[in-house]
Amino acid sequence: MGTDNAPENMSSMLLNVPISPVKTLSLGALPNANKSASTIGSPTDSVYAASTIVSPTDSFYVEFRCGDPRNPINYSWMRKWCITLFVCAFNGITSPATPSFAMGYDSMIRDLNCTRFQATVAYCLYSLGFGIVPLFTSALSEEIGRRPIYLVSVFLGAMCNVLAAFSDNIQTVMVARILGGAFASTGAILVGGTIADIWGPEERSLPMAVFSMVSMVTTGLGSIISAWLELNPHLQWRWIQRIQAMRGTYFLLSLIIMEETRSQIILRRIAKKLCKETGDDRYRVRGEETRPKLSAMIKMSCTRPIMFVLTEPIVTSICIWVFFMSGVLYVQIGSVSGVFKHIYHFNVGQSGLVFITVVVGSILGLLANFYQDVLYRKCVSRRGPEARLYIACLVALLLPTSIFIYAWTADSRIFWMWPVVGLSIFMFCSFVSYQVVFIYLADCYGPMASSALAGQGLARNMGSFGFPLFSHIMFKKLTYKWANTIFGGVAVLLIPVPFILFLYGPSLRKRSTMCSQLMQDEEKPEQLEFPKPQLN
């Protein structure tokens, strides 16, 4: 809130904003205000300006002025991308945790003398922690900011890998897995929020695509590396966990590089600094008086996403879709080693190379995202948020196709490349669906999007948790071919979901309590007029 562009005699400039009973004072009349508070240069700046306004309770509200470089949304292009890539790296170091764990099944079952089902439970518990814990912890960023949560999450997550690596029984591994998922989720869910902090709505598509791509690509690369570690009798599953524990390096870098991007936290710090410098404790951030207690915020963050899932038709439809897709994704990841080991006689290292399909699918998905952006810009004025769903309709058709290809070509008489093709298409669908769902819900629900996204995130992770628990029995009883055929049949039944949203999304939003209120707010004309400032 610097004063570099302020008029020289701000003490004589008054802004007559007709908002009764609040009256506006000149900044020059405030003690030491010119040191830290930005001034209002024009009436149009007043919405964003770091003005100091006296309410009936004599509070001085601190806000960013238009173009203030301390506002994260005004950071330079280079700075925004540095922050984006750094926080995406957090998701990159946590994403391989599940597929790499599956690659170490055999050696872990041998060393810990456990059953395969117990190993599968440990595999799934990561998703359970990832899905449930954010409902309780997401409100913390409102209170303490994003940076502390990133730091705590990456440090304790690394400690969970250390615990798993030195475990002597499967029960300890289970505890490490569920805690590891909890800490990974607490940080990973903030990546989308960080991107929203620094990028405008029209700019977020590419950063979100990069975020999704980093997550998918590191999943594939982590699986490949873990497979070759498992192949080495001197390394195997314990070293898979030890290498993941090296994320502690990211913690050290975060202490130096990571910065806070939540604007309310930055403004709160500036207000606190002003209070200290001036000895006047009336400086505060707008809304501080009405901000709910942390306990109330946690209660809301736990209940509202579930309410969205149960009462909002758009969120419900998407949750059903992503629940199934994420569940099948984890099933396919867990089945790769078995399919290529038993049918094509690959060793574990060669089976791990099959995960290059994740990288291929992600690259194709990123390219598809560019085309989706072109369609969105062309059609958004006519179709609204549903212009985000063109590529989702294609995914709905390709999803069952990819599952059927994988199911029916996984045969020793058929060249091994064909099931790899099926997996590549499936990974493309997974990448695109993640991207589309995030942006579409953000467009539909605006300021309420965090609850809608938390709801679909819960559904996605419950699918990841539940499906692998019974898929092993399905594969054993029905074979890979017929078990995957059943999954493909369910995918066929879900084809209409994105098409219904594409065609009837506006009608569903009008019938939605939340969406209809947001649409009414957007249609309201601006009531406030800002007359020209008067000079005395």
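**Entry 1: Arg 146 and Asp 197**

I started with Arg 146 and Asp 197, whose side chains meet in a salt bridge at 2.6 Å, N to O. My rule for a salt bridge is a side-chain nitrogen of Lys or Arg within 4 Å of a carboxyl oxygen of Asp or Glu. This pair links distant parts of the chain, 51 residues apart: Arg 146 sits in the loop between α7 (140-144) and α8 (147-165), and Asp 197 in helix α9. I took helices (H or I, at least four residues) as DSSP runs, numbered from the N terminus. Are the two partners buried or exposed? Both Arg 146 and Asp 197 are buried. Here buried means under 20% relative accessible area, exposed over 50%, and partly exposed in between, with a 1.4 Å probe and protein chains only.

A note to myself on the ground rules: this is a predicted model, in which local features need pLDDT of at least 70 and side-chain atom pairs count only at pLDDT 80 or more, while totals for chains, interfaces and linings use all residues. Residues are numbered from 1 along each chain as its sequence is written, and side-chain values use heavy atoms, with hydrogens and water left out.

**Entry 2: the other salt bridges**

How many salt bridges are there in the whole structure? My search found 12.

I next looked up Lys 80, which forms a salt bridge with Glu 203, with 3.9 Å between the closest N and O atoms. This pair also links distant parts of the chain: Lys 80 is in helix α2 (residues 77-94), and Glu 203, 123 residues apart from it, is in the loop between α9 (170-198) and α10 (205-231). Lys 80 is buried at 6% relative accessible area, whereas Glu 203 is partly exposed at 33%.

Then I turned to helix α13 (residues 263-278), where Lys 273 and Glu 277 lie 4 residues apart, about one turn of the helix. Their salt bridge has its closest N and O atoms 3.9 Å apart. Lys 273 is partly exposed with 49% relative accessible area, and Glu 277 is partly exposed with 36%.

I also noted a salt-bridge network that links Asp 106, Arg 116 and Lys 341.

**Entry 3: a nonpolar patch**

Which residues make the nonpolar surface patch of about 560 Å²? I listed Leu 206, Ile 356, Val 360, Ile 363, Leu 364, Leu 367 and Phe 370. Patch residues have over 30% relative accessible area and no salt bridge; nonpolar side chains (Val, Leu, Ile, Met, Phe, Trp, Tyr) are joined within 5 Å, like charges within 9 Å. The areas come from the Shrake-Rupley method with a 1.4 Å probe. Helix α17 (residues 356-383) gives the largest share of the patch, 6 residues. Phe 370 has its place in helix α17 and is partly exposed, at 39% relative accessible area.

**Entry 4: Val 432**

I found Val 432 in helix α19 (residues 417-445), buried at 4% relative accessibility. Which residues does Val 432 contact, leaving aside neighbours within four places in sequence? They are Gly 365, Ala 368, Ile 391 and Val 395, with contact meaning heavy atoms within 4.5 Å.

**Entry 5: cysteines**

A disulfide is a covalent bond between the sulfur atoms of two cysteines. I searched for pairs of cysteine sulfur atoms within 2.5 Å, and the count came to 0 disulfides. Among the cysteines, Cys 82 is partly exposed at 47% relative accessible area, and Cys 319 is buried at 5%.

Conventions. Helices (H or I, at least four residues) and strands (E, at least two) are DSSP runs, numbered from the N terminus.
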